[in-house]
Amino acid sequence: MSCAFETELTAYIDGELKELDARRVAEHLPHCAECLATESLLRRAVSRLAELPELEPSPALRRQVLTRVGALPKGPLDWLGRKLKVRVLVPFAGLAVACGLLLVLRHGGAPKALPPLTASARLELARNFDLVDNYAVIGLDGPEDLAVVEHLQELEKTP
Amino acid sequence: MDADEDAELMLRAGRGDEAAFSKLFDRHQRSVVRFAHRFVGDPARAEELAQEIFVKLYRNARRYRPSARFKTFLFRVAANHCLNEVRRGEYRVEQVSKDAQDEATQPLPDATTPDQQVAGRELEGAVRKALEGLSERERMAFSLCRFEGMAYRDIASALSASEAAVKSLIHRATLAVAKSIEALESGGMPARSRT
């Protein structure tokens, strides 16, 4: 079973214990062979780690990082400025113009406002409102369609 | 290297000063590459990670506030980035063992004689083997303590952990590495950590 002080040993070696705790460990060590052996093992390992070969970054890393950093936009205005280049602006402007023309052409044949109806026209319309409504539902496109509707109405009337 | 000067350089980088950022890069690139290397084991991929970390740092420079030491902030960014990389499952430290043969053919830096090169490689192998058996956080805490010389308090800040937790992480990791080195010295197989 490991000693309760064992978990403090690495922090003790690293000088990370509070003064009181460090003193307790220091007083414990001479009386515990296990902790003394572990402390010695840890110290040796820490000193040997200094012998490890260090990985040296390649010279290319610096160039790559600074190039990427230099290519980053500096702020919102810079971002906008980078986007509004001629080769980007011209196609988008052309597309905007084309869309605008299309909208104008489509809505150029929009139905104009109807002239105000006379009283007799209103009466006639009211009499035939159901018929007009039905015609709108079935989508009349020409005189042939009217003939079909007439026949349908005749059928509706027959018992 | 003055920690306050690093914070000042970072603040200037946040205002678009690329020269200030390049100074920061020059000061810390080796540390970041070394840190990343402990996770992915491959020097080329470690450099790619380091590149991504520094670019991420620059992108977020405007958000930097010098409430913590710059090095703590730097390794918080690096730790999160490396953790994400490892959790994506693309790179694991175990893969390093398979690449050990390839690495053996590459000359080690800082070694002047063939014997030193061999000894250095063996030591690296023993340390790597011990780290393979550790959790990601143990590996991170160990790397920041042993290779970057960071205080436990700063490591706790970088890893968003308590100091007590960091103390425990570093102890388990250091003990595991110590046993592995001892096994190397005695000519036996590396021992597994008890904890």
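How many residues does the contact take from chain A and from chain B? It takes 36 residues from chain A and 45 residues from chain B, where contact means heavy atoms within 4.5 Å.

This is a predicted model: local features need pLDDT of at least 70, side-chain atom pairs count only at pLDDT 80 or more, and totals for chains, interfaces and linings use all residues. Residues are numbered from 1 along each chain as written, chains are lettered from A and ligands numbered from 1 in written order, and side-chain values use heavy atoms, without hydrogens and water.

**Chain A**

Chain A has nine helices and zero strands. Helices (H or I, at least four residues) and strands (E, at least two) are DSSP runs, numbered from the N terminus. Of the 159 residues of chain A, 19% are buried; buried means under 20% relative accessible area, exposed over 50%, partly exposed in between (1.4 Å probe, protein chains only).

**The interface**

The size of an interface is often given as the accessible area lost when the parts come together. Here chains A and B bury about 3900 Å², with 63% of it on carbon and sulfur atoms. Buried area is the accessible area (1.4 Å probe) that two parts lose on being put together, summed over both.

| Item between chain A and chain B | Count |
|---|---|
| Salt bridges | eight salt bridges |
| Polar contacts (both residues at pLDDT 80 or more) | 15 residue pairs |

A salt bridge is a side-chain nitrogen of Lys or Arg within 4 Å of a carboxyl oxygen of Asp or Glu. One joins Glu56(A) to Arg30(B), at 2.6 Å from N to O. A polar contact is a pair of N or O atoms within 3.5 Å; within protein, one must be able to donate a hydrogen and the other to accept it, and residues adjacent in sequence count only if both atoms are side-chain atoms.

On the side of chain A that touches chain B, helices H1 (9-13), H3 (33-49) and H4 (59-71) of chain A each supply at least two residues. H3(A) gives the largest share, nine residues.

**His171(B)**

His171(B) lies in helix H9 (residues 163-186) of chain B. Is this residue buried or exposed? His171(B) is buried, because its relative accessible area is 3%. Its side chain makes a polar contact with that of Glu6(A), at 2.9 Å. Leaving aside neighbours within four places in sequence, His171(B) is in contact with Glu6(A), Thr7(A), Thr10(A) and Leu42(A).
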